Amino acid sequence: MTAGQADPRTTRTRAKLGRALLDECAHRPLAEVSVAALVRRAGVGRATFYLHYADLEALAVDVCADIVREAVDALHAWRGTPDPEAPPPALFAFFDRLAPHAGLYRELLRPGGSGPLGHVLHQDLRARSHTERALAGAPEPDLVASAVAATFAGVLADWLHGLIEATPTEIAQRVWRLLINLHRTPLP
């Protein structure tokens with residue numbers, strides 16, 4: 001196994017724990033979920049849980065960040081000239097997928113994009129945007145990468161907290177237009 005490959009057992013265990021967490025949080029807030037109930041639902045031992053995660057919040061951030069990373073990967077796999085009126089299907093799917101777990105995301109992502117998940121999202125999105133802009137030779141990769149990360153995390157958080165009223169489809173369209181405009185903004 002190379003350094004870039006994860007142990008398949010680790011991947012399976014983390015996936016089980018992640019599914020169990022989403023299932024548990026569909027019925028109650030994260031603060032009311034116990035490790036005992038989670039490991040029972042996942043079919044793993046308590047020691048196994050603590051081998052992978054320090055606590056439930058660490059698992060929750062990992063699971064939620066993975067969902068966002070999958071959406072970002074899908075968006076970056078999209079090619080062509082961006083049409084501001086036609087977001088890629090991956091963006092619609094992302095916002096639809098969040099809706100059933102909005103409560104969990106609200107616990108981890110505070111208005112404006114702060115909180116434990118906000119920090120991870122900003123870091124990941126900024127790095128991804130910076131890399132893409134630098135590879136393309138686009139101007140101001142640092143500035144635009146920060147703007148893209150802050151915009152996406154902030155809008156996502158504010159939508160989840162009800163500060164922006166929109167359906168998942170509507171917010172996907174609005175976010176898409178914002179991201180396109182950020183990337184197209186001429187900079188000196």
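In this predicted model, the charged end of arginine 14 sits over the ring of tyrosine 53, 4.8 Å from the ring centre. The criterion for a charge over a ring is NZ of Lys or CZ of Arg within 6 Å of the ring centre and within 35 degrees of the ring normal. Arginine 14 is also among the contacts of histidine 52. Leaving aside neighbours within four places in sequence, histidine 52 touches Thr10, Thr13 and Arg14; contact means heavy atoms within 4.5 Å. Histidine 52 belongs to helix α3 (residues 46–52). Helices are DSSP runs (H or I, at least four residues), numbered from the N terminus. Histidine 52 counts as buried, at 16% relative accessibility. Buried means under 20% relative accessible area, with a 1.4 Å probe and protein chains only.

Residues are numbered from 1 along each chain as its sequence is written, and side-chain values use heavy atoms, with hydrogens and water left out. Local features need pLDDT of at least 70, side-chain atom pairs count only at pLDDT 80 or more, and totals for chains, interfaces and linings use all residues.

Aromatic pairs were assigned next. Rings of Phe, Tyr and Trp (its six-membered ring) pair if their centres lie within 6.5 Å; planes under 30 degrees apart are stacked, over 60 edge-to-face, and the rest tilted. By this rule there are six aromatic pairs. Phenylalanine 94 and phenylalanine 152 form a tilted pair, 5.9 Å centre to centre with 35° between the planes. Phenylalanine 94 lies in helix α5 (residues 89–98) and phenylalanine 152 in helix α8 (residues 141–160), so the pair ties together parts 58 residues apart in sequence.

Phenylalanine 95 lies in α5 and phenylalanine 152 in α8, so parts 57 residues apart in sequence are tied together. Phenylalanine 95 is buried, at 0% relative accessibility. Phe94, Phe95, Phe152 and Trp159 form one aromatic cluster.

Helix α5 also packs against helix α9 (residues 168–184), at an angle of about 135° and with the axes 9 Å apart. Axes are lines fitted to C-alpha atoms over the stretch in contact, and angles run from 0 to 180 degrees between N-to-C directions. From α5, Leu91, Phe92, Phe95 and Asp96 meet residues of α9, including Pro168, Ile171, Val175 and Trp176.

Methods: Helix = DSSP H or I, 4+ residues; strand = E, 2+ residues; numbered from the N terminus. Buried < 20%, exposed > 50% of the residue type's maximum accessible area, 1.4 Å probe, protein only.
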